[in-house]
Structure formats: structure tokens, C-alpha cells
Amino acid sequence: MARIVARDRPHSGPMKVIVLGAGIIGVSTAWHLLERGHEVTLVDRQPDAALETSAGNAGQISVSYCEPWAYKGAPLQILKWMFRKEAPLLFRPQADWQQWRWGLAFLGQCNDKAFARNVAQLVALGAYSHEALRDVVSMTGIEYDRIERGIAHYFTSRKSLDEAAQAVELMRAHGVQRQVLTRDELLAIEPAFRGWGEQHIVGGTYTASDESGDARSFTQALARHCARLGARMLFGRTVHGIEVEGNEVKAVHVSAGSGEDSASNDVSLQADAVVVACGSYSAPLLRSVGVDLPIYPGKGYSATFRILQPEAAPWISTIDDEVQCAMTRMGSHLRVAGTIELAGFDTSLDTPLARARCDLLKRRVEEVLPGVCDTRSEAEGGEPHYWTGLRPATPTNIPFIGQTRVSKLWVNAGHGTLGWTHGAGSGKAIAALISGDRQPIEGFGFLGAA
């Protein structure tokens with residue numbers, strides 16, 4: 001993590017805070033700041049909250065399935081996958097120094113010592129965040145297709161299952177009650193996979209305490225609660241820059257909205273603190289003011305299909321180890337999400353590679369749940385929804401939460417594929433830090449911590 005060369009003194013009273021980004025991280029940040037009595041302005045370039053990275057994820061609150069991408073065997077595995085269009089983690093080399101720098105830092109994390117250290121922090125943040133989410137839901141009554149039946153992970157390879165059993169021991173050492181299941185035990189918990197699974201599944205793991213739900217629905221509802229609490233909501237506003245003078249934020253320049261001075265392309269916003277929570281786009285914005293954090297976009301995919309046979313669809317959110325995708329029931333639809341592509345800021349869905357990765361998700365649903373969902377294309381009369389979003393990944397998979405070297409400038413970004421899992425807690429933690437609490441989560445390393 002970056003060393004901090006200057007620290008702000010905690011304010012004794014309410015502060016004016018600008019939060020840049022209205023995904024799950026930014027909206028959770030705004031909510032918890034408002035709860036502490038601060039005055040909040042929430043800015044996003046989209047017309048509503050959660051329309052980018054938070055819009056179409058797998059829906060899992062996976063406190064117990066948080067292992068970082070970097071582990072001892074990852075380099076060889078990624079090398080084997082480099083020329084497979086459907087690879088779970090595809091590294092596509094670019095003429096981009098940031099990509100190569102990120103990759104080298106990632107390789108530095110591919111050892112047992114770093115893996116164990118990173119898991120410990122991710123579990124600590126996850127547990128804190130899950131409790132924070134429960135508190136928010138209890139207080140607001142937000143509904144978001146929530147299912148509290150745990151998360152299962154099934155395996156079609158005995159070797160992979162044996163390796164998973166070793167991971168279970170590590171997770172249990174950190175207080176995670178993940179258990180290894182036989183095939184019959186797993187199919188008893190989730191019988192939806194019985195027809196295919198009796199021939200292909202060799203076993204699995206399961207954690208009853210995890211859950212699932214629609215991150216977009218939750219985030220948009222929470223944003224409305226923020227507005228009711230008095231937050232100033234500036235949607236449809238592009239952030240044009242952060243103005244820094246004497247190593248201190250002076251203003252944030254955003255595009256003018258309708259009804260504002262049309263003679264100017266920018267509106268200047270001033271505050272006591274600015275929180276950058278723009279997902280993958282946090283890195284270039286922060287670099288523009290001299291804060292260089294290794295956050296690189298991972299292009300994730302999902303497909304959402306209407307459920308045709310509700311009685312045969314799974315209720316437990318499940319991870320498919322062979323394809324590395326997750327399947328989650330969301331009301332009358334099934335969301336299947338997976339695969340990561342490290343290739344910059346491309347979000348297109350119409351390239352041959354993107355189509356191949358979307359087709360993989362469609363095929364897998366039909367293989368393991370034949371006829372349960374309407375996977376037909378639009379040309380065939382179906383209504384599938386394919387989506388891609390950029391996962392803001394760090395080499396450790398641990399997000400950057402805390403104060404930067406620039407006075408009044410804070411960051412809450414780098415959550416990778418765990419933004420939904422860690423969103424509520426990340427927002428609560430940074431609100432605590434801004435309010436003067438030096439260590440809101442025991443065992444977690446905050447950016448800028450003394």
C-alpha cells in the first residue's frame with residue numbers, strides 16, 4: 001500500500017463530503033456518512049445508481065468464498081489459459097504499462113505466505129461487511145431478491161475437490177464455517193442439479209451463513225434512502241477533474257446539469273473531504289493528482305435468463321468450479337456470471353471474444369439445468385440479458401480504503417469481484433475513518449493507517 005506523507009486532523013463536527021461514484025461502494029459510503037451526521041454530495045455520470053460495475057454481478061454475498069486470485073499455482077494456470085477464449089481468467093497483453101506493472105505485482109503475491117495474509121484481511125472485511133449489510137437492511141427494509149440459504153461450490157474433478165478441502169481448513173482457521181460435502185450431501189442441499197450432477201459432480205463445499213441478492217436493486221434503493229436523508233444527488237455528471245493546490249483538494253469539477261449555467265461546461269464543488277469510489281476508473285482519476293494505486297480493470301460477464309420451471313431452478317447460489325461461474329436465482333430470473341478478462345477498459349459485448357464468453361455462460365446453464373431457463377436468443381424469441389462490467393482489481397484482491405497522500409482526498413476502491421460482498425462494510429469503515437476512528441476493523445490494513 002502507498003505510504004502516506006500527510007494526514008488530515010479529524011473534524012470535531014459534521015463535514016461536507018463529496019462521494020464520486022454511485023455503485024455499491026459509493027452509495028454505501030454516502031449512507032454511512034449521512035448516518036454519522038455529515039453533509040453528502042453523491043456524484044455519478046450515469047442517470048441512476050448502480051448502472052456500471054454493480055449492475056449485473058453474480059449476486060453473491062460470499063464472505064466465505066473470498067480467496068484471492070493470486071495463489072502459488074496461479075502463474076502456470078494463467079499461462080495455460082492465455083490462448084483459450086473461454087478461460088476463467090484471461091490475461092490479454094496490452095501495450096499498457098499499468099497492466100504489466102499490475103501483473104508483476106500480482107506475481108509477487110503468488111505464494112503461500114501472501115495468500116494466507118490476504119485471506120485473513122478479506123475474511124475480516126467480509127465479516128464486518130456482512131454485519132453492516134444486515135444492519136442497513138434491518139434499518140431500511142430494502143428488498144432485493146434476498147435469499148439466505150448459503151452458497152455452495154460443486155466440483156467435477158476429484159483433484160480440484162481435494163484442493164478445495166485444503167482451502168476449507170485454511171478458511172476454518174479464520175473462523176469461516178465452510179464444510180466439505182459428498183455429492184449426495186450437496187445434491188440433498190440443492191436438488192436442482194441432481195439430474196446432471198449425479199453423473200458429473202464428485203462433491204462440493206458449502207457455507208450456510210452466506211447469502212445472495214440483487215446488488216443493483218439494493219444499491220438503487222439505498223440511494224433513494226440517501227436522498228431522503230438529505231444527500232445532494234448529482235447524477236448524469238461527468239467528473240472532469242480534481243483540483244489540488246498545495247497538496248490539498250480545493251475543488252472537484254463536474255459537468256453542468258440541466259438548469260445550471262449553460263455558459264460553463266463545469267461546476268466546481270468544494271468540501272471538507274472527497275471520496276473517490278469510481279471502481280476501475282478510480283485509478284486514472286487518482287493518478288491525475290499524483291496518487292498512484294495498482295487498480296486494474298477485470299472485465300467480468302453475466303447472463304440473465306427468465307426461469308421457465310420455477311420448481312426446478314436452484315435456490316442456493318452455487319459456484320461451478322469447472323467453468324468458474326456462479327448461478328444465482330433472482331426472483332423470476334437466473335443470473336449466471338463469471339470469467340475475468342484483463343485487457344484494459346474495453347466493455348464491448350459485440351466482439352468474437354465477448355460473444356464466445358457469453359455463449360459459454362448460456363451453454364453451461366443448459367448443460368447443468370436443461371430446460372429450466374429460457375436461453376434462446378432474441379432472434380429465436382427469447383429475452384436474454386448479457387452484460388459486462390469492469391471489476392476494479394488489486395494484485396492482492398484487497399481494496400484500498402482510507403486517506404491518500406493528498407489532504408482531504410480519500411479512496412474506497414479496488415474491490416475486484418467482491419464489491420457486493422464488501423460494499424456495506426467498506427462504506428461503514430471509510431465513514432468511520434473520515435470521522436476520526438483510526439481502526440474500525442480489527443485485522444484489516446487501511447490505506448494511510450499509521
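**Note on the predicted chain**

1. Charges come first. The chain carries 45 positive and 49 negative charges, and their mean positions lie 4 Å apart. Lys and Arg count as positive, Asp and Glu as negative; His and the chain ends are not counted. Each charge is placed at NZ of Lys, CZ of Arg, CG of Asp or CD of Glu.

2. Basis of the model. This is a predicted model, where local features need pLDDT of at least 70 and side-chain atom pairs pLDDT 80 or more, while totals for chains, interfaces and linings use all residues. Residues are numbered from 1 along each chain as its sequence is written, and side-chain values use heavy atoms, leaving out hydrogens and water.

3. Fold content. There are 11 helices and 21 strands in the chain. These are DSSP runs, numbered from the N terminus: helices are H or I of at least four residues, strands E of at least two.

4. Dimensions. Along its principal axes, the C-alpha trace spans about 65 × 50 × 45 Å.

5. Of the 450 residues, 57% are buried (under 20% relative accessible area, 1.4 Å probe, protein chains only). Take contacts (heavy atoms within 4.5 Å) between residues at least 6 apart in sequence: 75% join residues at least 24 apart.

6. A residue to check: Gln109. Gln109 sits in the loop between α3 (97–108) and α4 (112–140). Gln109 is buried, at a relative accessible area of 14%. Not counting residues up to four places away in sequence, Gln109 touches Ala70, Ala114, Phe115, Arg117, Asn118, Pro395 and Thr396.

How values were computed
Buried means under 20% relative accessible area, exposed over 50%, partly exposed in between (1.4 Å probe, protein chains only).
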